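Here's a quick briefing to read alongside the model. Have the sequence and the 3D view open while you go through it.

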Amino acid sequence: MPDVHYRFSPAFQAPTGSAIRELFKYLSLPGMISFAGGYPPPEFFDREGLRLAAERAFAEAPLDCLQYGATEGLPVLREQLAGLMLRRGASVCADDIVVTTGSQQGLDLLIRVLLEPGQSVLVERPTYPAALQALRMAGAQVLSAATDAEGLDTDALAAQLAALPRGQVRLLYCVPTFANPTGACLPLARRLQVLALAARHDLLIIEDDPYGALRFSGAEVPSLLALSREVEGSVGRVMHLASLSKVLAPGLRVGWMVAPAAVRQRCLIAKQTVDLCTSPWAQRIAAHYLASGALQQALPVLAAGYREKCQRMLAGLEPLESLLSVSPPAGGMFIWARCRAGIDAQTLFNAAVAENLVFVPGAPFHPDQPDPSSLRLSFAAPSLEQIDRGVERLRRAFERCGIVPN
Ligand SMILES: Cc1ncc(COP(=O)(O)O)c(C=O)c1O
């Protein structure tokens, strides 16, 4: 090999990869139980329904499956997605929607279109690490907003915004419904307050909502997008991202964005430089699946399944109460926990790996002010039996650290 000196763009001179993806190397170890990823479990995939949808999609329009498609997505799928949004309380039409290659792409497109390097963006503390990665690569100045068990602390946010020079913060990125990593769901009154703050301080909001359809207790709360019609000055400020990854299959890589026309048009141009279009084949499969009504039937079953898993994990963690404080979620895939025993989550993680268990230590979720005691446990992928065994391994990991529950 010749000795080539590669010159990288500033964002890639010393990039840091996703700390969660780093955990993948442990997952293939024999006997490992994972409380790490927010992955649907194998038994929740509707293989037969998806096989049928794939068969029908190809039989009906083989050339459309095989050919490039429009950058904004196939009209048949956008119609179906508008129907899904309507069922969750947001009145949008197919034209308001851009199909994206996972909601992650939607986030990346919005960041490119809306942000200049050096501009400030507010995120929840803690937040989704891949959003932090995307924001930092775009050169954003990431500021964190405090959260509590219900999500964004809106009084603190109001004070924070009031103290900053007007116009300094352009964007708020948040996961208000069953957040990653905390599982918190922002109550209605706080949602209205966030929208009012956006109007008062001229902010745009990216509402990332891959988990919203996975509610397993409590009453539905409308999305920020749906509520923006009710709060003066907030229409047009919410860019909403959603996905089929958590409710159907992440392997499809089908997500979508709802945004005002001026933003959408620019995201389309950005998308043309990334992938030209989301796989038309995958889109047709998704459209057939949604048109069959199978997702509507599956959602209550999925929610009940996640409720059972979540309750099982919470029940297993109860005897560890003196070691670990947990925040029970009303939906989604995650339980956020804090070690009480003065032990940091990374030390506990190292002991857990020795017991054949992985979870995610909380550090990568913190844009700043890391809480070393925090950790994220996902109940989504393991079976009930693995949850029981994993919790027992967690207890043994504490023991390895010299700590026993009292
Ligand atoms: C908050 C959040 N946003 C976006 C994504 C990306 O999802 P998708 O598979 O739709 O790209 C995830 C995946 O874990 C997530 O947790």
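At what angle do helix α14 and helix α15 pack? The answer is about 120°, with the axes of α14 (residues 345-354) and α15 (residues 384-400) 8 Å apart. Keep in mind that this is a predicted model, where local features need pLDDT of at least 70, side-chain atom pairs count only at pLDDT 80 or more, and totals for chains, interfaces and linings use all residues. Residues are numbered from 1 along each chain as its sequence is written.

**How to read the labels**

- Helices (H or I, at least four residues) and strands (E, at least two) are DSSP runs, numbered from the N terminus.
- Axes are lines fitted to C-alpha atoms, for helices over the stretch in contact, and angles run from 0 to 180 degrees between N-to-C directions.

**Helix pair α14 and α15**

- On the α14 side the contact is made by Leu348, Ala351, Ala352 and Ala354, and on the α15 side by Arg393, Leu394, Ala397, Phe398 and Arg400 (contact takes C-beta atoms, placed from the backbone, within 7 Å).
- Those contact residues split into seven nonpolar, no polar and two charged (Ala, Val, Leu, Ile, Met, Phe, Trp, Tyr, Cys and Pro count as nonpolar, Asp, Glu, Lys and Arg as charged, and the others, Gly among them, as polar).
- α14 passes α15 in a right-handed crossing (right-handed if the near helix is turned clockwise from the far one by less than a right angle, left-handed if anticlockwise).

**Helix pair α6 and α7**

- The axes of α6 (residues 102-114) and α7 (residues 129-137) come within 10 Å and cross at roughly 30°.
- α6 and α7 are therefore roughly parallel to each other.
- From α6 the contact uses Gln104, Leu107, Asp108 and Ile111, while α7 brings Ala130, Ala131, Ala134 and Leu135.
- By class, that contact of α6 with α7 comes to six nonpolar, one polar and one charged residues.
- The crossing of α6 past α7 is right-handed.

**Helix pair α3 and α12**

- α3 (residues 47-60) packs with α12 (residues 280-291) at about 115°, their axes 8 Å apart.
- Gly49, Leu50, Ala53, Ala54, Arg56 and Ala57 of α3 meet Arg284, Ile285, His288 and Tyr289 of α12.
- That gives the contact of α3 with α12 six nonpolar, two polar and two charged residues.

- Eight strands line up as β2-β9-β8-β7-β6-β3-β4-β5 in an open sheet with mixed pairing (strands pair if DSSP finds at least two bridges between them).
- Its edge strands are β2 (97-100) and β5 (151-152), each pairing on one side only.
- β6 (residues 169-174) and β7 (residues 204-208) pair in the parallel sense over four bridges, and Leu172 has Ile205 as its bridge partner in β7.
- α8 (residues 154-163) packs on the sheet, touching β4 (141-148), β5 and β6, and its direction makes about 150° with that of β4.
- α6 lies across β2, β6, β7, β8 (238-243) and β9 (255-258), running at about 155° to β8.

**The four-strand sheet**

- This open sheet has the order β10-β11-β14-β13, with antiparallel pairing.
- β10 (324-327) and β13 (360-361) are the edges, each pairing on one side only.
- Two bridges join β13 to β14 (residues 374-378), and Pro361 has Leu375 as its bridge partner in β14.

**Around the ligand**

- Of the 13 residues around the ligand, Gly102, Ser103, Gln104, Ser243 and Ser245 come nearest (near means a C-beta atom, placed from the backbone, within 6 Å).
- α6 gives the most to that shell, with three residues.
- The shell has four nonpolar, eight polar and one charged residues.

- Most residues other than glycine have a negative phi, and most peptide bonds are trans.
- Arg125 and Pro126 are joined by a cis peptide bond, with omega about 5°, and Pro126 lies in the loop between β3 (120-125) and α7.
- Another cis peptide bond joins Asn180 and Pro181, with omega about 20°.
- Pro181 sits in the loop between β6 and α9 (188-201).
- Phe178, in the loop between β6 and α9, has a positive phi of about 60° although it is not a glycine.

Note on methods: Angles under 35 degrees count as roughly parallel, over 145 as roughly antiparallel, 65 to 115 as roughly perpendicular and the rest as oblique. Two residues are in contact if their C-beta atoms, placed from the backbone, lie within 7 Å.
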